Amino acid sequence: MGEKITDYKMIIDGEFVDSKSGAKIQIECPSNKAFFATVPRGDKEDVDLAVNSSKKAFQSWYKVMPKERGKILLQIADDIEKNKEEIAKIIAKETGNAIKTQARPEMNLVVDIFRYFGGLSSELKGETIPLGEHVLSYTRREPIGVVGAIIPWNAPVMLGACKIAPALCSGNTLVMKAAEDAPLAILKVAEICQKYIPPGVLNLITGTGSECGEPLAYHPLINKLSFTGSTAVGKIIMKAAAERILPVSLELGGKSPSIVYPDVNEEWTVDGIIAAMRFTRQSQSCTAGSRLFLHRKIYDNFIGSLVEKLGNLVIGDPLDEGTDMGTIINNKQYTKVCDYIKDGLENKNTEVICGGLPPKSGPLSEGYYTIPTIFRNTSNEWRLAKEEIFGPVLVAIPWDNEEEVIKMANDSHYGLAAYVWTRDITRGIRAAHSIESGWVQVNQGLGQATGHSYGGFKQSGLGREFSLEGMLDSFTQRKNITINLNTPSKDLEDL
Ligand code: NAP
């Protein structure tokens with residue numbers, strides 16, 4: 001007997017609804033390939049209802065005192081915190097991300113995000129402009145209106161929260177399209193939000209990119225687009241924004257370099273490299289440090305320790321507390337990752353250091369499991385070193401001098417994150433300043449934290465969303481008001 005299938009609804013105007021067409025999408029659990037849920041397959045008609053509902057809700061939401069909006073976000077944070085374990089389990093089930101290493105930490109960050117923005121509502125301040133004694137010129141930070149938000153599947157709740165919390169805090173309303181493969185946990189968060197906000201302030205719709213995402217991007221009542229996903233789809237979103245000159249935020253792909261200098265403590269740095277490469281998230285992370293530039297002097301030793309430590313990672317059921325590394329999201333991504341591995345195995349100039357194609361039998365063959373794989377290559381000019389694989393495939397390239405390695409690090413159309421590992425802080429800072437990426441970490445490989453202005457250079461994105469400045473820049477528009485105070489009275493005797 002197959003697993004019980006649970007029917008989920010999407011949220012439009014405070015109601016839990018099916019799509020108007022009645023069509024549904026089946027949700028597969030990537031660790032056993034069984035369908036376990038359905039969500040509505042929303043299309044243009046549903047998008048239209050959602051956007052109109054958010055447009056209506058905007059008329060009163062932006063007038064709610066900022067302090068009250070902040071209080072609401074704090075209540076939402078408390079409620080999510082109470083339910084975070086249940087939501088973490090949903091994330092693990094729908095994405096394949098291990099509960100211990102990924103899904104639970106993701107939910108902790110989601111609570112932080114709502115709390116952080118809940119505390120920022122009084123920071124929606126404007127400026128005064130010194131134009132003289134008889135002029136009052138000031139700016140107001142006004143909300144933009146209805147935000148159309150589209151999110152991917154790899155950290156669905158965290159990436160959703162980074163849009164919901166700042167957009168609502170600053171007085172916007174939001175229509176969010178969840179990723180087709182991971183809509184359930186973010187639906188649960190949106191459901192919690194409904195208890196505290198008026199209908200239409202946050203609509204959460206489900207459907208495919210072309211049938212639901214595209215009509216949202218092109219809807220004439222959308223005032224701002226906020227997208228997280230691949231660079232290819234980001235370009236489609238930017239075109240949609242260009243049609244109506246909409247402000248747009250894009251958080252896109254990456255192929256981030258990790259540069260290791262020869263002076264590091266190797267054992268310690270190996271742990272950092274594993275963290276930066278996001279191996280315990282199957283490297284399905286935009287910030288994965290997937291190009292490892294290792295100084296030639298330490299190359300062999302370092303790789304030896306790295307392989308040994310990767311061998312200790314437990315790969316298995318994402319819901320098992322002993323698991324470090326879960327599964328790839330779906331068959332499409334799994335096939336794509338395997339194709340890159342085949343390419344590496346067939347390339348004459350490449351040596352496979354560990355890993356390879358996933359096992360064809362045994363428990364790991366029952367889901368979309370892959371194994372950590374490292375290829376050695378001397379060239380940065382290679383498909384595996386250039387393209388975002390979004391799987392646990394690391395290319396390790398030796399280097400000899402700093403100028404050469406910085407040049408290789410920057411030789412990418414991406415510029416999202418970077419990692420520098422050295423005990424010499426002067427060197428570390430010099431490298432950090434030379435690297436063309438929106439976020440460089442020196443001697444650590446951590447994930448995003450609230451308050452840090454996160455976003456990409458080059459084709460990795462446009463705009464920032466994680467911080468106060470991100471909220472002000474991405475979710476408000478400045479209005480300048482200039483008043484001439486020097487108006488003569490009609491009749492001097494009036495005075
Ligand atoms: P994706 O294919 O670009 O999809 C992202 C979202 O866009 C999904 O909801 C998708 O719907 C939707 N979409 C697809 N085609 C569309 C269209 N024509 N019009 C409107 N929406 C459309 O990306 P993904 O595979 O889900 O996620 C992986 C990518 O996201 C990687 O490149 C990764 O680097 C990037 N990412 C970036 C960040 C960052 O912060 N910079 C964070 C996380 C992920 P469906 O789900 O139905 O396909």
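I located Glu 251 in strand 12 (residues 248-251); strands are DSSP runs of E of at least two residues, helices runs of H or I of at least four, both numbered from the N terminus. I noted that the model is predicted: local features need pLDDT of at least 70, side-chain atom pairs count only at pLDDT 80 or more, and totals for chains, interfaces and linings use all residues. Residues are numbered from 1 along each chain as its sequence is written, and side-chain values use heavy atoms, with hydrogens and water left out.

I looked up the annotation: an unreviewed UniProt entry places the feature "active site" at Glu 251. UniProt positions follow the numbering used here, feature names are shortened, and annotations may be inferred rather than shown by experiment.

I found Glu 251 buried, at 8% relative accessible area (buried is under 20%, with a 1.4 Å probe and protein chains only). Leaving aside residues up to four places away in sequence, I listed what Glu 251 touches, including Phe 227, Tyr 454, Ser 460 and Arg 464 (contact means heavy atoms within 4.5 Å).

I turned to the ligand. Among the 30 residues around it, Ile 151, Glu 180, Ser 230, Leu 252 and Glu 388 come nearest (near means a heavy atom within 4 Å). I read 2.5 Å from a ligand oxygen to a side-chain N or O atom of Glu 180, and 2.9 Å from a ligand nitrogen to one of Glu 214. The protein buries 89% of the 900 Å² that the ligand exposes alone (Shrake-Rupley method, 1.4 Å probe).

For the whole protein chain, I recorded 14 helices and 23 strands.

Terms used
Buried means under 20% relative accessible area, exposed over 50%, partly exposed in between (1.4 Å probe, protein chains only). A polar contact is a pair of N or O atoms within 3.5 Å; within protein, one must be able to donate a hydrogen and the other to accept it, and residues adjacent in sequence count only if both atoms are side-chain atoms.
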